Amino acid sequence: MANDNKLANIIAHCKEYGFVFQSSEIYDGLSAVYDYGQNGAELKRNIRDYWWKSMTQMHDNIVGIDAAIFMHPTVWKASGHVDNFSDPMIDNKDSKKRYRVDHLIEAFVETIDKEKGDEILQQMEQLLAANDFDGLKAMIDANKMKCSISGTCNWTEVRQFNLMFSTEIGSVAEEANVIYLRPETAQGIFVNFLNVQKTGRMKIPFGIAQTGKAFRNEIVARGFIFRMREFEQMEMQFFVKPGTQKEWYDYWKETRMKWHLSLGISADKYRFHDHVKLAHYADMACDIEYDFPMGFKEVEGVHSRTDFDLKQHQQFSGKKLTYFDTDINQHYTPYVIETSIGLDRTVMMILSEAYEEEDLSTADKQDSRTVLRFPPMLAPIKLAVLPLTKKDGLPEIARDLIAQCKPHFKCFYEEKDTIGKRYRRQDALGTPFCVTIDHQTKEDNMVTIRYRDSMLQERVPMEQIKNMVLEKIKMF
Ligand code: ATP
C-alpha cells in the first residue's frame, strides 16, 4: 500500500469506526481541530494512562500534577514565549497562502534528488539557527520554490509569527487582562516546583509529570492529528543537580526510547534527531522520530533546559525558587531535563503501526480484512462477547460473562449479524479477544475464544476468560 494511500485510509477508517472526527463537522469543520469518538477516546485514555503510570507509578521519585490551562500572563513573558515563540513564515503574494519556511523548503526538497536535497536541508538548519531571514529568502528564490496553490514564486519577505492564542480574563471590560492559552504544559510545572518539592518532601533528583491540553496557532496545520491547534501533551520535568544534566539527559533519552519499544514497535521505526538549532532555554536537545506514513517525524522531544526557566521565574516573580541540598549543604537552582510527548501524535503513531489491510485470499476464494493490531493493553475494547444466536438463553450467558468482566476492563456485547461479520467488525476496532457463546456452552460452560491477530480459536472454560484477558492486558 502506498504511504499516501495508507494515511488516507487510516483517516477514513478513523471516521468510519468512531476514532476521530473533524471538529464541528456539520459546519464543515474547523481546520486542524479534531474530536475523538467513542473508540478514539478510549484509545487515547489508555495511552495516557500507560504514560502516566510508566512515569509516576513506576518511578518512586516522580509525582504527577494537574495545573490550570490559564496562567498569569507574566509566566509567558518570563518563559520567553511572548518574545520567542514564533516561526519564520513566508506568504505567497498571489495565492495569499502562508507557509512555515521550514515546511516550504522541506516540501521542495522532497521533489529533488537526495544529495542536493540534503545539502539544502543542512543549509536551512544553519540559516534557521542564525535567524538569517534574508538568507532563507534568498534560498527560496534561488531554488525557485513554488507555492502549491498559485504555482508562482512571488514571495513576501520572511517574518516571525507568534503561535500563542490570546484571550481576555475578567468579568468587566476595565478589568480585562490579556492572557494566553498555554502553548506547553511545562510552565505549570516550573511555577509549582517549590510547592511540590516542599509538600512532597522531594529530594533531588526528582520529577514532576503532567498531561493536559496545549494550544498553538499553527500556520500550516496538516497531517491529520499530527499537527493540531488544540492538542494534548504528556510532559515530565526532571530536576537535577547542576553539572549532572548530561548524565540525566542520556538516561532519559534511553528510558524514553525503551518506553516506545515497549509498545511493541520495532527499533527500525524510530530514530533520534539531534537539534542543531537549540531553543533559547536548551543546552542539549533531540527528537524521537517515528516512521509515520508520511515519513520520519517527531513524536517526542527530550530537552536539557538548564536552569533557564526556574531562574526566569525567580527574576520575574521576585520569589526564590532554589533548592537546599542537604547532602552538600548548599542552595542551588536545579537544572531540568524534560521529556515532552504529544498524546495525539502518539495516538497517530499507534494507529499507523496497528493498521493493516490483510489479504486472506485462498486458491478458491478472495478475502481480506482490515485489522488494527493494537497492543492489547491499549485497545479501546478488550473483549467482545458474542452469543451465537439471539435466543435459547445464549444472550443471558453472554451478559453474565460481561457482568463478571466489566469491572476489570472494557467489554462489548453484540448479537446482530453472522459471527464472521461480527469478528471482522471487532478486528476493525482492534479488539484483541472475542468470545462466542453457543449451544454447547449451556451443556459444559465452555466458550470459544478467538484471537484477533492469529484468528485462531480455542475452547476454554468460561470461568477462565476474565483472568486470561487480565493477564494479556497487563501494562507492567
Ligand atoms: P514541531 O517541530 O513538530 O512543531 P515542536 O518541536 O514545536 O514540534 P515541542 O514544543 O517539543 O514540539 O512539543 C513537544 C511535543 O508536543 C512534540 O514532540 C509533539 O509530539 C507535540 N506537539 C507539538 N506541537 C503539536 C501540534 N501542533 N499538534 C500535535 N502535537 C504537537
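Contact here means heavy atoms within 4.5 Å; helices (H or I, at least four residues) and strands (E, at least two) are DSSP runs, numbered from the N terminus.

The model is predicted: local features need pLDDT of at least 70 and side-chain atom pairs count only at pLDDT 80 or more, while totals for chains, interfaces and linings use all residues. Residues are numbered from 1 along each chain as its sequence is written, and side-chain values use heavy atoms, with hydrogens and water left out.

## Geometry and faces of H6

Helix H6 spans residues 114-129, 16 residues in all, and reaches 22 Å from its first C-alpha to its last, close to the expected 22 Å. The expected span is 1.5 Å times one less than the number of residues.

Gly-117, Ile-120, Met-124, Leu-127 and Leu-128 are the buried residues of H6 (buried means under 20% relative accessible area, exposed over 50%, partly exposed in between, with a 1.4 Å probe and protein chains only). Seen down the helix axis, these buried residues fall within an arc of 95°, so they line one face of H6; the arc is that of the directions from the helix axis to the C-beta atoms. The face turned away from the buried side carries the exposed residues Glu-115, Gln-122 and Gln-126.

## Ends of H6

At the N-terminal end, Asp-113 caps H6, with a side-chain oxygen 3.2 Å from the backbone nitrogen of Glu-115. H6 is followed by Asn-131, which has a positive phi, near 50°.

## Aromatic pairs

The whole structure holds 18 aromatic pairs. Rings of Phe, Tyr and Trp (its six-membered ring) pair if their centres lie within 6.5 Å; planes under 30 degrees apart count as stacked, over 60 as edge-to-face and the rest as tilted.

Phe-193 and Phe-239 form a tilted pair, 4.7 Å centre to centre with 35° between the planes. Phe-193 lies in helix H9 (residues 193-199) and Phe-239 in strand S10 (residues 230-240), so the pair ties together parts that are 46 residues apart in sequence. Both residues of this pair, Phe-193 and Phe-239, are buried. Ring pairs also link Phe-190, Phe-193, Phe-206 and Phe-239 into a cluster.

## Charges over rings

The charged end of Arg-399 sits over the ring of Tyr-413, 3.6 Å from its centre. Arg-450 lies over the face of Tyr-423, at 4.5 Å from the ring centre. The criterion is NZ of Lys or CZ of Arg within 6 Å of the ring centre and within 35 degrees of the ring normal.

Terms used. A polar contact is a pair of N or O atoms within 3.5 Å; within protein, one must be able to donate a hydrogen and the other to accept it, and residues adjacent in sequence count only if both atoms are side-chain atoms.
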